[in-house]
Amino acid sequence: MGMSKLDEVGDRESWRCWLCDEPVDPNMSVNDPRGPSVDGIFATKKGKGGPERLAHRACNTKKGAVAPVVPWPDSLFVIDPAPIIGTVERLTRKPGRVAVARCPSQADAEDASAWLLDRLSRLAPELAFETSIESGGGGFLLVLRR
Ligand SMILES: [Zn+2]
């Protein structure tokens, strides 16, 4: 018996939801809101489907045609944070640098950088990202590069 697509995607993603970053129980019913489902990051782009991702059924964005959102945590002190998925899509299409947030202090920027790199290691494991912190304008700018 071959593996189902769900098992294949779930195993690849270590049974963690690509949107909320929390574990997904492979044994839960697919009809349960916390149950597993397959989502797609670039599923709405014409012609070409992107890699399939594991999501909780309630987090899944494909069927509702809702734009996926990966939230910045409230614990970080970031001002005008860039949308994470939009930024990743942009850097996937074309390597470069994007200013993703302003922070009031160097320590805040370092916290945000550490969180972002850890989050991106699961959100887009195929891409190698780096961050830098630039001071200016009375604050600290967090820049993401690939
Ligand atoms: Zn989820």
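This is a predicted model: local features need pLDDT of at least 70, side-chain atom pairs count only at pLDDT 80 or more; totals for chains, interfaces and linings use all residues.
## Overall fold

The secondary structure of the protein chain consists of three helices and five strands, and these elements follow the pattern α-β-β-α-β-α-β-β when read along the sequence. Of the 146 residues in the protein chain, 38% are buried. Where contacts join residues at least 6 apart in sequence, 53% of them join residues at least 24 apart.

For reference, the ideal angle for four tetrahedral donors is 109.5 degrees. Cys 17 is buried, at 1% relative accessibility, whereas Cys 59 is partly exposed, with a relative accessible area of 21%.

## The nonpolar core

The largest nonpolar core holds 33 residues, and those touching the most other members are Trp 72, Ile 84, Val 88, Val 100, Leu 116, Leu 120 and Phe 129. At least two residues of this core come from each of α1, β2, α2, β3 (97-103), α3 (106-123) and β5 (139-145), and α3 gives the most, with five residues. Because domain 1 (1-67) and domain 2 (84-145) both contribute residues, this core lies between the two domains.

Helix α2 has as its buried residues Ile 84, Ile 85, Thr 87, Val 88, Glu 89 and Leu 91. The elements covering these buried residues of α2 include β3, α3 and β5.

## Trp 72 and the aromatic pair

Trp 72 is buried, with a relative accessible area of 13%. Leaving out residues up to four places away in sequence, Trp 72 touches Val 78, Pro 81, Ala 82, Ile 84, Val 100, Ala 101, Ala 112, Trp 115 and Leu 116.

The structure holds one aromatic pair. The ring centres of Trp 72 and Trp 115 are 5.6 Å apart and their planes stand at 35 degrees, so the pair is tilted; planes under 30 degrees apart would count as stacked, and those over 60 as edge-to-face. Distant parts of the chain are linked by this pair, with Trp 72 in the loop between β2 and α2 and Trp 115 in helix α3, 43 residues apart.

## Individual loop and helix residues

Two aspartates have a positive phi, a value noted here in residues other than glycine: phi is near 70 degrees for Asp 21 and near 50 degrees for Asp 80. Asp 21 lies in the loop between α1 and β1, and Asp 80 is placed in the loop between β2 and α2. Asp 21 is buried, with a relative accessible area of 17%, whereas Asp 80 is exposed, at 59%. With neighbours within four places in sequence left aside, Asp 21 is in contact with Arg 16, Arg 119 and Arg 122.

Leu 117 belongs to helix α3 and counts as partly exposed, at 31% relative accessibility. Apart from residues up to four places away in sequence, Leu 117 touches Phe 129, Glu 130, Thr 131 and Leu 144. Between Leu 117 and Thr 131 the C-alpha to C-alpha distance is 7.8 Å, for a separation of 14 residues in sequence.

The table below gathers the relative accessible areas of residues discussed above.

| Residue | Relative accessible area | Class |
|---|---|---|
| Cys 17 | 1% | buried |
| Cys 59 | 21% | partly exposed |
| Asp 21 | 17% | buried |
| Trp 72 | 13% | buried |
| Asp 80 | 59% | exposed |
| Leu 117 | 31% | partly exposed |

Conventions
Residues are numbered from 1 along each chain as its sequence is written. Side-chain values use heavy atoms; hydrogens and water are left out. Buried means under 20% relative accessible area, exposed over 50%, partly exposed in between (1.4 Å probe, protein chains only). A nonpolar core is a set of buried Ala, Val, Leu, Ile, Met, Phe, Trp, Tyr and Cys residues joined through side-chain atoms within 4.5 Å. Helices (H or I, at least four residues) and strands (E, at least two) are DSSP runs, numbered from the N terminus. Domain bounds come from an automatic or database domain assignment. Contact means heavy atoms within 4.5 Å. Rings of Phe, Tyr and Trp (its six-membered ring) pair if their centres lie within 6.5 Å; planes under 30 degrees apart count as stacked, over 60 as edge-to-face and the rest as tilted.
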